[in-house]
Every structure is written in structure tokens, then in C-alpha cells.
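Biologist: I have a model here and some labels to check. Can we take them one by one, each value against its cut-off?

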Amino acid sequence: MKVLCFENNPQAYSDTTLRQKAGPVKNINDELRKTALEMIESMRKEKGVGLAGPQIGLLKRIFVTHAEGDTARVFINPTIIWTSQEQVKYEEGCLSVPGIWADVIRPESVKIQAWNENGRAFTLETSGMLARVIQHEYDHLEGILFIDRLPETKREKVLVKLQKP
Ligand code: NI
């Protein structure tokens, strides 16, 4: 399982699977469970804390997380049903945008509804690191990257850096 990234490929910035909106998962079956497991393995191997379908070329609404101090989790067809008024700044990076780290402001807490790999619906309210990872991964399902959420001047610097060999 290869993680798609923008390294030395500026064209990819606006024209890849990473920029498209992912479609719903239709069946939570053995094949999907296998994919979820492989995503968790890839995430660990790459030392990431989250990985979303589009990052492996799969335009489906699935992502996995493994925030510090938490277990690995699978989110299928998720909906963020609430975000806190309170926002926090936190440094983010992304396996698809290698070598870039930048502060992003997001709600501190979220409530999310999703299905797990066994087809069981669940609702989770969380804050801190896991809330951060959930929002970052959810964005991937919408074709949004964390660099899109940076102030204009900062984003331009990042784009220049991404295009350097
Ligand atoms: Ni990412």
C-alpha cells in the first residue's frame, strides 16, 4: 500500500485523488476490513497518526487514526456532528505533504458519528490530539489538505518549498 504524496510533484497539488471528494463506503465487508487493517499497518510504518482513503488512492469515506495515548480506530462514512466554539492552534504535518509542518487553527473538540470496521455505528466526542487527527483526516475525505487552512502568506511559502527539488 503506497501513500500518495506531493513530494517534488507540484502538479499533483491540484490534480490528484487527494483533491477529490471521496464517495460513501457501500459495504462493510471482509474486503473493507482488510483495507482498514492495511491502512493501519501503513500508518504505523510511516509513523503517522492518521491515514485516509484518498491518501492510498481509494476515493472512499474511510480513515484510520492512532493518536498518542489512544488505540487504533477506524472511521467509516463519518459525519462531524458538532465542533466546539473554542479553537486551538496545533502543529500539523501530513504523510501526503512530506517535510511540511505548520500551525493550523481548528476547533478544540469534536463529536463524530461513524461506523467501525465491524459495521457498528458509534458516536465519539473527543478533544485534544484525537480531535485534531479526526478533523485532519475528515478533511482528506473532502479533498482538503491542512495547507489549505494556512494563512495565505504561509501557504505560498509552503507551496514554494514543496516545489523545490
Ligand atoms: Ni494528512
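Modeller: Start with a loop. Lys47 sits in the loop between H1 and E1. Bear in mind that this is a predicted model.

Biologist: Why is Lys47 called exposed?

Modeller: Its relative accessible area is 75%. The label needs over 50%. So Lys47 counts as exposed.

Biologist: Which other residue has a positive phi without being a glycine?

Modeller: Asn77, with a phi of about 45°. Asn77 lies in strand E3.

Biologist: Is Asn77 buried or exposed?

Modeller: Asn77 has 19% relative accessibility. Buried means under 20%. Asn77 therefore counts as buried.

Biologist: Back to H1, which Lys47 follows. How do you know how its span compares with the expected one?

Modeller: H1 covers residues 30–45, which is 16 residues. The expected span is 1.5 Å times one less than the number of residues. For H1 that gives 22 Å, and the helix reaches 22 Å from its first C-alpha to its last. The span is close to expectation.

Biologist: Which residues of H1 are buried?

Modeller: Leu32, Thr35, Ala36, Met39, Ile40, Ser42 and Met43.

Biologist: What puts them on the same side of H1?

Modeller: They cover an arc of only 165° around the axis, so they share one side of H1. An α-helix has 3.6 residues a turn, so residues three or four places apart point the same way.

Biologist: And what is on the other side of H1?

Modeller: Exposed residues: Asp30, Glu31, Lys34, Leu37, Glu41 and Lys45.

Biologist: What covers the buried residues of H1?

Modeller: The cover includes strands E1 (50–52), E2 (62–65) and E3 (73–83).

Biologist: Now the nickel ion. What makes its protein donors count as donors?

Modeller: Distance and atom type. A donor is an N, O or S atom within 2.8 Å of the metal. Cys94 (SG), His136 (NE2) and His140 (NE2) lie 2.1 to 2.2 Å from the nickel ion. They qualify. Along the chain, the donors follow the spacing C-x41-H-x3-H.

Biologist: Why are His136 and His140 separated by about one helical turn?

Modeller: They are 4 residues apart in helix H2 (residues 128–141), hence about one turn.

Conventions. Residues numbered from 1 in each chain as written. Predicted model: local features only at pLDDT ≥ 70, side-chain atom pairs only at ≥ 80, totals over all residues. Heavy atoms only, no water. Helix = DSSP H or I, 4+ residues; strand = E, 2+ residues; numbered from the N terminus. Buried < 20%, exposed > 50% of the residue type's maximum accessible area, 1.4 Å probe, protein only. Arc of directions from axis to C-beta. Contact = heavy atoms within 4.5 Å. Donors = N, O, S within 2.8 Å, 3.2 Å for Na, K, Ca; no water.
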